[in-house]
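Reader: I have a model open and a few quick things to ask. Can you walk me through it?

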Amino acid sequence: MKAAYALTIASLGFILGACSHDGHNHGEKSVEENHEHKHADEIILAPEDASRFGVETETIKLIQFNRAINVTGELASPATSTNIVTARTSGKITLRGNIVPGAEVKKGQVIGSISASGFEGGDPSEAAAISLDAAKKELDRVTPLYKEGIVSQKDYMAAEAAYRVAKASYSGSKGGSTVTAPANGRISRLMVSQNQFLSAGNPVLEIVGTRNLTLKANLPSKYFKLLPAIISAQFKTPESNNIWDISKMNGRLVSGVNNIVTEGGYIPVQFDFENTENLAAGTYADIYLVCQQADSCIALPKSAITEELGTKYVFVKVDDHGYQKRLVTTAGSDGERTVILSGVNPGEEVVTQGTVFVKLAQTKNVVPEGHSHNH
């Protein structure tokens, strides 16, 4: 990285015509000599070089900017989309392949099977199958006799009840029972291990839906008065530099205004939204709670702001070849733009992309490493 950084500076110094060594002059005027200085602290960068290095600018103007509160939180699965799958019968469970936390499953997909074969008392599924077969035969026998008046209604109803009880006890398989996914989703927790013995009703795993997610934000209680003004949210995750906008994902506020619960000095604020970006539940989130209060102010892209030792600057384009480093004071941010309180004015042109190359252009007398003239 150091070599690449030195080369970048050296290349930029060469482009700026800043190479003069041992009193030797190449007979060409530098950009500085050809350019009339209008500011003592002006940074010189020719238009063609600015274009080459991807330097882009934006004309400053007042915009309506919604106040945002930067908080932390996480992505979670809505309670309504969480399913706990349980064992229908007792026995040893055999899980299918790729049944691990994080795996996607489809509704009706077989997750595993349970068998009591080899255990004391035998397989209850097999016994239930035998009982169901016997109850069905008895019902089939008495039904036509009941219609002919040979069998009483009481006997017919007893046979029908016995059949229903046997059918309810039957798991659907003579060799144990199967465990299936009740809905589409992702396995969030696996509560058993391969070949573990389970009793009927024991939890096997948890499946969470992936279509919708809940954004849970922890709002410090000092912002209590701003709670009614919160209308939306934006967030980013450690895995991506993208900033996701709840309002563009059919998001809606589900708690906060009408469900105020202070927990450890924080007020939980939650949004439900469509998971159109295949985000994972349980992920940490850096959240910007957007308030309805909009102010007319200067708000610049975060890429326009550079920081040195805790002090923030922007680069203002003063003419075709020149830029000026300007100290600014900032306020809130919505994750994409930052409010500027002082340092720049509407109508000025500020660098929004390629700030690093404008910053490098301050070093005008850089001599490329290893570059010398031997005559």
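This is a predicted model: local features need pLDDT of at least 70, side-chain atom pairs count only at pLDDT 80 or more; totals for chains, interfaces and linings use all residues.

Reader: How many bridges do E18 and E19 share?

Author: Three, in the antiparallel sense, between strand E18 (residues 306-308) and strand E19 (residues 311-317). Strands (E, at least two residues) are DSSP runs, numbered from the N terminus. Two strands pair if DSSP finds at least two bridges between them.

Reader: What sits between E18 and E19?

Author: Two residues, in a hairpin. Leu309 in the turn has a positive phi of about 55 degrees.

Reader: Which residue stands opposite Val314 in E20?

Author: Arg326. E19 and strand E20 (residues 322-327) run antiparallel, joined by five bridges. They form a hairpin with four residues between them.

Reader: And what about Val316, which residue in E23 is opposite?

Author: Val350. E19 pairs with strand E23 (residues 349-353) over two bridges, in the antiparallel sense.

Reader: Switching topic. What is the strand order in the open sheet of four strands?

Author: E4-E11-E9-E6, with antiparallel pairing. Strand E4 (82-86) and strand E6 (104-105) are at the edges with a single partner strand each, so one side of each has no neighbour in the sheet.

Reader: How many bridges join E4 to E11?

Author: Five, and E4 runs antiparallel to strand E11 (residues 203-208). Thr82 is opposite Val208 there.

Reader: Now the inside. Which residues touch the most other members of the largest nonpolar core?

Author: Leu215, Leu219, Phe235, Phe273, Ile287 and Leu289, out of 25 residues. A nonpolar core is a set of buried Ala, Val, Leu, Ile, Met, Phe, Trp, Tyr and Cys residues joined through side-chain atoms within 4.5 Å. Buried means under 20% relative accessible area (1.4 Å probe, protein chains only).

Reader: Which elements give two or more residues to this core?

Author: Strands E3 (63-76), E12 (212-220), E13 (230-236), E16 (266-274) and E17 (284-301).

Reader: What does Leu215 touch?

Author: Leaving out residues up to four places away in sequence, its contacts (heavy atoms within 4.5 Å) include Glu74, Ala233, Phe235, Ile246, Phe273 and Ile287.

Reader: What is in the second core?

Author: That separate core has 17 residues, among them Ile99, Ala181, Leu198 and Val204.

Terms used. Residues are numbered from 1 along each chain as its sequence is written. Side-chain values use heavy atoms; hydrogens and water are left out. Buried means under 20% relative accessible area, exposed over 50%, partly exposed in between (1.4 Å probe, protein chains only).
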